[in-house]
Amino acid sequence: MRERTRISGDTTPIVGLLKCMEIPTELAGRHGGIEAVYNTFLKLADSDLRVRTYDATKGELPASVDECDAYVITGSPSSAYDEDVWIEKLAGFIQRLDEANHPLVGICFGHQIIAKALGGRVGKSDKGWGIGVHEYVWNTAYTLESYPWFKSKHHSGSSAFVSAVASHQDVVLELPKAGVRLAGSEFCQNGMYAIGDHIWTVQTHPEFTADFGRDLYALRRSRFSPDEYKDAITTLKMPLKPKIVSEWIRAFVEHHKMKNCRRTHFDWKKAGVWTAVCIQGAAMAWISFRKLSTLLR
C-alpha cells in the first residue's frame, strides 16, 4: 500500500520501495512480509523516514521519477535476465531514473537488474550458491570524495566493508560502462558498484537478520550440499551491522536532497538576475520613449 501524497511543506524524505518479491509464507508468520522487513531496515537510521511501496511484480511503478526522493529495488527469486513483462517494465524505469540522475539503490536482484538494464551482464556464478554471511573488501582504486554518503565512522579504511547475509546464484559478470566497482569478494567480484553519484548497489542482503537467514537456509536446504549448508549456518554467528548500510542509504538520500536544494537556489538566483535585467531594460526603453515624445511635440 502506498503512503499518502506528501503534505505541502513536509521535507521528510520519502523512499520508494520497488518490491520484487514476497517473503515465503513459511517465514512470513515469524518475520513479517517484505514491506515490514524493509521498513524495519530502512528506518534503523531514521525512524521518521517514509517508505512508499510499489509492487513491481504487478507492474506497479511510479508515474514520475519525482514521486519519491530515492528508490530501493529489493531482492527477488527471479533472475534479471528472465523475460517477464514486469522485469522489462522495471528495466525501463531504471533507465528513466538513470537518465534523470535520480537516486537509486539496488539490493541483490536490484543490484543485478540495474546492471543489466544499463548495459551490464548478469549470469549464474560458476561457484554455485552464495549463502551465509559474506564480507566484501573495498576497492582502493576509488576515493570516498566521489561517494560522500559512505563517509562515516563506520568506514575506517579497514579491509572488510560490512558483513551481511547472502543468498544468490546470479552475479553481475560485467558492470555497465559507467559502473565503478566499489567492493567485492572472491565469490562475488562485483559485489558492490556505483554509477555516477546517483546509483549504488550491493549484492548481499543487509535487510536480513541472522535468524531470517537461518530459517531461509533451512527452508531451501535441499538446494545446498551438506557442507554448504553447515558452513553457511556457522557464519551466521558473525556480527551483522545492518544499521551501517541503513545509514548509508539515509545519507545518500540527504546528499541528493541538499544537492537539489543548491541547484534550485542557483536557478532562482539566475532567474532573479534575468528579471532585474528585463526590468532595467524596460525602464530604459520607457525613458527613451518619453524623451522621444517630448522632442516630437
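At what angle do the axes of helix 3 and helix 4 cross? In this predicted model, in which residues are numbered from 1 along each chain as its sequence is written, local features need pLDDT of at least 70 and side-chain atom pairs count only at pLDDT 80 or more, while totals for chains, interfaces and linings use all residues. Side-chain values use heavy atoms, with hydrogens and water left out.

The axes of helix 3 and helix 4 (residues 109–117) cross at roughly 70 degrees and come within 9 Å; axes are lines fitted to C-alpha atoms, for helices over the stretch in contact, and angles run from 0 to 180 degrees between N-to-C directions. Helices are DSSP runs of H or I with at least four residues, and strands are runs of E with at least two, numbered from the N terminus. The two helices, helix 3 and helix 4, are therefore roughly perpendicular (65 to 115 degrees). In helix 3, W86, I87, L90, A91, I94 and Q95 meet F109, I113, I114 and A117 of helix 4, where contact means heavy atoms within 4.5 Å.

S76 is found in the loop between strand 3 (70–73) and helix 3 (85–99). With 16% relative accessibility, S76 counts as buried (under 20% relative accessible area, 1.4 Å probe, protein chains only). The side chain of S76 reaches the backbone oxygen of C20 at 2.9 Å and the backbone nitrogen of S78 at 3.0 Å. Leaving aside neighbours within four places in sequence, S76 is in contact with C20, M21, W86 and F109.

Methods:
Buried < 20%, exposed > 50% of the residue type's maximum accessible area, 1.4 Å probe, protein only. Polar contact = N/O pair within 3.5 Å; in protein donor to acceptor, adjacent residues only side chain to side chain. Parallel < 35°, antiparallel > 145°, perpendicular 65-115°, else oblique.
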